Amino acid sequence: MKARSPELLRSLTDSVKDLLPIVGVIAFFQVLVLGQPIPNLLELLWGTLLVVLGLTLFVQGLKLGLFPIGENMAWDFAAKGSLLWLLLFAFALGFGTTIAEPALIAVAEEAAEVAARGGMIAGDEVARESYAEGLRFTVALSVGLAIVIGVLRILRGWPIQYLIIIGYIGVVLMTALAPKEIIGIAYDSGGVTTSTITVPLVTALGVGLASSIEGRNPMVDGFGLIAFASLTPMIFVMGYGMTIGGDEALPPIATPEASDSWLAVISHYAGSFWNWALGIRESVCIIEDQVPLCDTIDDVAPIIAILVGFQVLVLRHSIPNLPRVALGFLLVLLGLAFFLGGLEQALFPLGKLMAEQLTAPDFLGLSGEEASIGEHWREFVWVYLFAFTIGFSTTIAEPSLIAVAIKANQVSAGAIHPWGLRIAVAIGVAVGIALGAYRIVTGTPLHYYIITGYVVVLFQTWFAPRTIIALAYDSGGVTTSTVTVPLVTALGLGLSSNLPGRNPLLDGFGLIAFASLFPIMTVIAYAQLSEFFSRRTSEEESQSLGE
């Protein structure tokens with residue numbers, strides 16, 4: 001225990017540093033821009049303490065449990081030599097963890113509400129629930145297939161950029177065909193698919209698989225699974241929007257007696273089992289006040305079930321270092337519970353309140369009928385600045401990004417510094433969200449920006465070092481998770497609801513897509529600049545030695 005004390009203290013100090021930008025942004029805008037005192041200061045301090053403690057426990061749990069078991073299972077599957085079981089495990093991991101992802105559930109429910117208000121579906125509760133459930137299953141199916149494609153890429157050694165280019169072409173084609181009401185939801189769905197638990201586990205699986213196969217490079221081949229999990233949902237959700245049509249309500253899930261389809265039968269009984277499990281969960285978690293432990297268990301339980309099931313029943317191995325792995329999962333569980341509890345107690349309510357205040361007609365000067373957006377550009381500067389700073393500060397504290405940065409540092413033998421990668425990603429998110437807010441204000445179609453961004457990314461990819469490409473694509477998928485999604489969603493819907501001529505269904509969604517796209521650009525640029533300065537330093541040293 002004494003040996004771990006310095007590491008624990010260092011992790012605690014890092015957690016404080018991670019949270020300081022968020023606290024600074026909130027204090028600056030609340031006091032200096034909005035001119036209001038910080039409400040519920042004691043709750044804010046208590047929430048901050050919970051977040052710091054949660055981040056510390058989460059990082060320790062990653063190193064003890066999630067990273068080792070992910071890499072060990074990759075080695076075991078490689079030794080077993082069964083492609084079918086490996087692909088089934090990949091699909092189960094992607095589907096099972098995504099269907100219970102809290103961020104996806106929140107986006108699906110919000111999308112159903114907005115779709116009902118916009119007339120895209122009927123306004124009754126059955127239609128909304130059916131729409132949200134269909135959206136979740138569509139995204140989960142796409143993520144399962146994405147992990148399968150990513151595993152096949154590692155096994156076959158396919159260059160990731162070619163598959164990504166094909167995927168982007170698919171997104172562009174689907175954008176041209178899909179109903180315009182679904183495009184923003186589809187782009188955002190790609191940014192909320194990878195949970196805080198899934199990201200480190202999938203990253204460890206990819207790196208472990210690449211390390212276990214002769215001729216594979218963990219940096220080149222090990223990363224990239226998260227990139228596919230962020231790309232395929234956009235295509236599938238737009239396809240989902242095309243199948244449900246215009247303003248017709250979605251039918252309820254068919255019972256076995258009403259349909260001869262085996263898929264309908266499976267869906268019915270799977271739904272019944274899911275409802276039964278939720279009933280048990282609600283009976284156990286009657287009171288959950290300060291720490292959302294049961295919500296965290298919902299996120300972790302499918303992953304544990306998949307890992308234990310495949311490890312014991314398929315690989316027929318006992319879990320190595322079981323006490324250590326169990327302690328790691330416990331620390332991750334408690335860390336996330338404390339982290340989410342602190343966010344929900346203090347930072348989320350205050351951040352959402354600030355987003356609503358900054359986008360309110362009174363603050364923007366748009367409360368009068370004669371007021372126009374162009375006359376009040378100064379007020380919108382504060383909105384853009386808030387979007388930039390809140391995007392940067394929340395990304396720095398994203399647990400998923402911290403996990404990927406730690407693993408990238410390990411795999412690259414220290415060549416990629418965790419803070420360098422995190423800052424590069426955070427700058428990309430900040431620029432993306434600020435540009436996304438500008439798009440909402442100006443009313444420009446979303447796909448113009450996204451397609452242009454894809455073109456830039458593909459151009460960068462052509463000249464980027466091969467060792468950074470997969471990691472850069474993964475960076476776009478880990479930026480919008482536990483911390484960022486609620487605040488960014490509140491900002492987008494607040495702007496689109498309060499600005500004249502804006503439609504929340506068409507304009508409110510899309511900020512998450514910006515936050516997922518632009519980090520790819522900044523990480524590739526970071527790698528190119530690092531390579532340039534490293535080469536320049538080597539040339540100067542060679543010249544000095546020659547003299």
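I looked up F310 and found it buried, with a relative accessible area of 13%. The model I am reading is a predicted one.

**Entry 1. The partner of F310**

Which ring pairs with F310? I found F89, and the two form an edge-to-face aromatic pair, 5.0 Å centre to centre with 70° between the planes. The label follows from the cut-off, because planes over 60 degrees apart count as edge-to-face. I then checked where the two rings sit. F89 is in helix α3 (residues 83-99) and F310 is in helix α12 (residues 293-314), so this pair ties together parts that are 221 residues apart in sequence. Is F89 buried or exposed? I noted a relative accessibility of 2% for F89, so F89 counts as buried.

**Entry 2. Other aromatic pairs**

How many aromatic pairs does the structure hold? I counted 16. One of them joins F28 and W382, and I recorded it as tilted, with 6.4 Å centre to centre and 50° between the planes. F28 belongs to helix α1 and W382 to helix α15 (residues 377-396), so the pair ties together parts that are 354 residues apart in sequence. I looked up the accessibility of both rings. F28 is partly exposed at 32% relative accessible area, and W382 is partly exposed at 33%. I also saw that F28 and W382 belong to one aromatic cluster together with F29 and F386.

I made one further note on a ring. The charged end of R422 sits over the ring of W419, at 4.3 Å from the ring centre.

**Entry 3. The largest cavity**

Rolling a probe the size of a water molecule over the atoms shows where empty space is left. I found six cavities of 30 Å³ or more.

The largest cavity has a volume of about 210 Å³. Its lining is made of 18 residues, and Y168, S230, M234, S516 and I520 are the ones that lie nearest the centre. Which elements supply at least two residues each to this lining? I listed α6 (160-177), α10 (225-244), α18 (446-463) and α22 (511-546). I sorted the lining of the largest cavity by class and got 12 nonpolar residues, six polar and no charged.

**Entry 4. The second largest cavity**

The second largest cavity holds about 60 Å³ of space. I wrote down some of its lining residues, among them R153, W158, D221 and R466. The elements that give two or more residues to this lining are α6, α9 (218-222) and α19 (466-475). Which of them has the largest share? I found that α19 does, with three residues. By class, the lining of the second largest cavity has six nonpolar, one polar and three charged residues.

**Entry 5. The second largest pocket**

I ended with a pocket. The second largest pocket has a volume of about 360 Å³. I found 16 residues lining this pocket, with S11, D14, V59, K63 and I406 nearest its centre. Two or more residues of the lining come from each of α1 (5-33), α2 (41-80), α16 (399-411) and α17 (418-442). Which element gives the most? I recorded α1, with six residues. The classes in the lining of the second largest pocket are five nonpolar, five polar and six charged.

Definitions and conventions
Residues are numbered from 1 along each chain as its sequence is written. This is a predicted model: local features need pLDDT of at least 70, side-chain atom pairs count only at pLDDT 80 or more; totals for chains, interfaces and linings use all residues. Side-chain values use heavy atoms; hydrogens and water are left out. On a 1 Å grid over the protein atoms alone, a cavity is a set of points where a 1.4 Å probe fits but cannot get out, and a pocket is an open set with protein on both sides within 12 Å along at least five of seven lines; lining residues have an atom within 4 Å of a point. Grid points are joined across faces, edges and corners, and a volume is the space filled by probe spheres set on the points. Helices (H or I, at least four residues) and strands (E, at least two) are DSSP runs, numbered from the N terminus. Ala, Val, Leu, Ile, Met, Phe, Trp, Tyr, Cys and Pro count as nonpolar, Asp, Glu, Lys and Arg as charged, and the others, Gly among them, as polar. Rings of Phe, Tyr and Trp (its six-membered ring) pair if their centres lie within 6.5 Å; planes under 30 degrees apart count as stacked, over 60 as edge-to-face and the rest as tilted. Buried means under 20% relative accessible area, exposed over 50%, partly exposed in between (1.4 Å probe, protein chains only). A charge sits over a ring if NZ of Lys or CZ of Arg is within 6 Å of the ring centre and within 35 degrees of the ring normal.
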